[in-house]
Each structure stands twice: as structure tokens, then as C-alpha cells.
Amino acid sequence: MQPNLHSEFIKYKCCVLIPTYNNASTLEDVIASVLVYTDNIVVVNDGSADHTREILSKFTQVDVIHHPKNQGKGMALRTGFKYAYNKGYQYAISIDSDGQHYAEDLYKFIEQLDQHPNAIIMGARNMDQPDVPGKSSLGNRVSSFWFRVITAIYLKDTQSGYRLYPLKSLNKIKFLTVKYEFEIEVMVRSVWNGIEIISVPVKVYYPPVQERVTHFRPFKDVTRITLLNILFVLISAFWYHPFRLIKKFSFSGLKKKLYETTLGSNEPDHVKALSMGFGVFMGIIPLWGYQMWAGIGLAHLFKLNKVLVVIFSNISIPPMIPVILFVSNYIGAVLLGNSTDLKFTSDITFSDISNYLFQYVIGSIVLSIISGFVVFILSFFILSVTQKNNSKHPV
């Protein structure tokens with residue numbers, strides 16, 4: 001049984017935020033359905049050119065903001081956040097004006113507030129139902145993948161517009177985007193600022209193809225979203241994930257903490273051994289300057305021990321570099337049928353340099369695979385023999 005949402009919306013100082021742009025055919029029904037549960041409604045008319053203003057004039061109890069011209073869904077949400085926060089609301093539940101969301105699901109967001117008062121609560125749609133457009137399902141899977149790479153958090157649905165936002169926390173973030181990509185930015189930057197993200201299941205309605213109204217521009221909006229994801233991947237690789245890794249450690253009890261994070265962790269022996277072998281592989285593979293960062297990202301993707309990967313990727317420390325270079329070049333020369341003798345003369349040509357570089361790359365790839373595999377086998381054998389005894393006597 002649903003609670004009395006009118007009183008709950010007042011209690012939690014929560015409003016429903018409806019951004020709209022040229023959705024006159026569905027807007028009235030959406031507002032009417034929300035009014036069944038609360039009068040706390042803010043509508044942002046993002047420069048609609050249809051008869052949206054006429055429809056909004058019927059609802060005198062609703063707060064309405066008009067953008068003189070269309071600025072994008074992200075800007076409409078940002079305008080709504082600012083207005084709602086200045087009016088004293090602590091939370092805003094965004095709901096699309098195209099009729100896809102059900103107002104009867106509003107209680108699912110409200111009932112989470114006691115346990116998650118500082119969270120963005122996502123309304124997760126069932127993307128497996130038969131009427132979900134193929135493009136929406138594929139786009140959601142791609143978006144969820146990149147969100148997980150960037151934040152290390154798995155969400156089943158990252159593209160739902162049905163969300164509860166904690167306004168006080170968002171008010172501290174200076175957002176940059178204004179179009180559809182804002183719904184990605186707000187999640188990623190919220191995670192980076194310590195805001196929790198959880199999901200609740202919601203229903204979704206997809207009208208027949210001939211009745212669907214969308215303002216999503218496939219080329220322009222996908223390009224903007226792709227560029228934003230690339231930027232976030234770079235930031236997460238060089239700042240967010242390393243910072244999280246460092247933050248886990250403290251100088252107090254560092255040795256014990258390091259042991260508990262690596263060999264003393266609850267991960268199976270084969271995962272620890274794979275992490276060591278993969279670290280060696282990444283340390284030798286010719287990704288100059290990016291070996292460690294690529295290793296961290298892939299370790300997260302493959303669910304390996306990131307600390308062990310980082311430690312063992314340091315096989316390419318300065319004393320080892322000449323050895324790795326020489327052995328890689330030697331293996332490459334043998335595989336390509338070239339001479340294993342290195343030419344150290346003043347008349348070396350560009351062609352010679354190209355040949356050396358090519359055989360080095362081939363050799364280093366082979367060396368990284370062999371070395372990683374050997375370290376994996378040896379590590380797994382040693383862990384299998386000693387791990388049980390070591391677990392009784394921690395370092």
C-alpha cells in the first residue's frame with residue numbers, strides 16, 4: 001500500500017521536476033497524473049514552440065519557468081534544480097513529459113530517503129520488455145559500460161530520466177553541459193563528489209512507433225555524449241581511480257594494510273596469481289607511459305586485484321629496462337628471421353631504426369605474454385602451497 005504521498009512530499013521537502021519541450025500532446029496528462037500524489041511541481045518549459053504555454057496556464061498550482069528559447073534538457077534540469085533549491089526544496093524527482101513514466105512509481109523514490117538521504121536514486125527500467133526500442137536498449141548497455149569504467153559502479157539503467165536528486169549536494173557542483181549529456185555528467189560528477197547512486201525498479205511505457213516523439217538528434221547528441229565519455233575516461237584514469245587507490249592507504253599500519261589488500265585479501269588464489277601475471281604483462285607490453293593506467297583500467301574491467309597489478313607492472317623499473325629491451329629485440333629478431341646482432345655505428349639508417357623498432361615491438365609482445373604466463377603459474381603454485389599457512393600468520 002502506498003503512503004500518503006502529499007504529506008511525504010511536504011515532510012521531505014521534495015518536488016517533482018518536469019522539463020518539457022514540444023510535448024504538448026502528453027504534458028497535460030503527465031501533470032495531472034503527478035497532481036494525484038503531490039502539488040509540489042516545477043515545470044520548466046524549454047522554449048516550446050507548440051501550445052505548451054496554453055496547457056501550463058490551466059495549472060495555477062504548478063510552478064512554471066519559461067526559457068525564451070530552447071537550450072537543451074540539461075539546461076532545463078539545471079534551471080529547475082536552482083529554482084527548486086532556492087524555494088526551499090531539498091529533493092527533486094525528475095520525470096519526463098513524454099508520458100513514458102508512471103507517477104504511481106513516485107513512492108518508490110520517497111521510501112528510500114530515510115536510508116539514502118544523500119543519494120541520486122535512479123528509476124531503473126526493464127530494458128528487456130518487448131516494446132523497448134532496439135536503439136534504446138543498445139544505447140543503455142553502452143552507457144552502462146562506460147559509466148562502470150569511469151566510476152567503478154554498475155547500474156542496470158543509466159539513461160533513465162526518472163530520478164531523484166539531492167539538491168543541496170548538487171548545488172555545490174558547477175556543471176558544464178546543457179544537452180542530453182548532462183544526465184551523464186550529473187551522475188559521474190556526483191560519484192566523484194561522494195554522492196551515492198542507487199536504483200529502484202520503475203515501469204516504463206513506450207508508445208507505438210508512429211506516436212513516439214523524440215528530440216534526440218542521433219549524430220549531434222551521440223557525438224557530444226561520446227566526447228564527454230572520452231573526457232571522463234581520461235580523468236578517471238589519471239585522477240579518480242589513482243586517487244581512490246591512494247585514499248585506501250594510510251601511513252599508519254601501511255604494511256598490514258598492504259598485505260590485507262593484496263595477498264591477505266579474500267580473493268581466490270587464481271585471481272591473485274592472474275593479477276600478478278597480468279601486472280608483469282602490462283609492465284612489459286609496449287604502451288610507453290600508459291602501462292600502469294591501462295593496467296588499472298583493465299584490472300577493474302576483469303575484476304583483478306588492482307594493487308597487485310600495479311606492483312607487478314613495475315617490472316619495467318630502470319634497472320630492468322635494458323634487460324627487457326635486449327631480450328625483446330632478441331626475440332623479435334629470431335621470430336622475424338633477422339640478425340640478432342645490434343648495429344652500433346654512425347651510419348645507421350632510418351630503415352635500420354624502423355626494423356629495430358618493429359622487431360622490438362613484436363618481441364616485447366611475445367615476452368610480455370610469456371613472462372606474464374610464467375609469473376601466473378609460479379605465483380599460483382606458491383600461493384597454493386603457502387597461502388593457508390600465511391593466512392594464520394599475517395605479515
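This is a predicted model: local features need pLDDT of at least 70, side-chain atom pairs count only at pLDDT 80 or more; totals for chains, interfaces and linings use all residues.
Helices (H or I, at least four residues) and strands (E, at least two) are DSSP runs numbered from the N terminus. Residues Phe278, Met282, Gly283 and Ile284 of α11 meet Gln291, Ala294, Gly295, Leu298 and Ala299 of α12, contact being heavy atoms within 4.5 Å. By class, this contact has 6 nonpolar, 3 polar and no charged residues, with Gly counted as polar.

Strand β2 (residues 41-46) is mostly covered, with 6 of its 6 residues buried (under 20% relative accessible area, 1.4 Å probe, protein chains only). In a regular strand the side chains alternate between the two faces of the sheet. Ile41, Val43 and Asn45 lie on one side of β2 and Val42, Val44 and Asp46 on the other, all of them buried.

Strand β1 (residues 14-20) runs parallel to β2 and is joined to β2 by 5 bridges; pairing requires at least two DSSP bridges. Thr20 has Asn45 in β2 as its bridge partner. The chain passes from β1 through helix α2 (residues 24-35) to β2 in a right-handed β-α-β crossover, that is, clockwise from the first strand over the helix to the second with the strands pointing away from the viewer. Strand β3 (residues 63-67) also pairs with β2 in the parallel sense, over 5 bridges, and Ile65 in β3 stands opposite Val44.

Residues are numbered from 1 along each chain as its sequence is written, and side-chain values use heavy atoms, without hydrogens and water. Local features need pLDDT of at least 70 and side-chain atom pairs count only at pLDDT 80 or more, whereas totals for chains, interfaces and linings use all residues.

Terms used. Buried means under 20% relative accessible area, exposed over 50%, partly exposed in between (1.4 Å probe, protein chains only).
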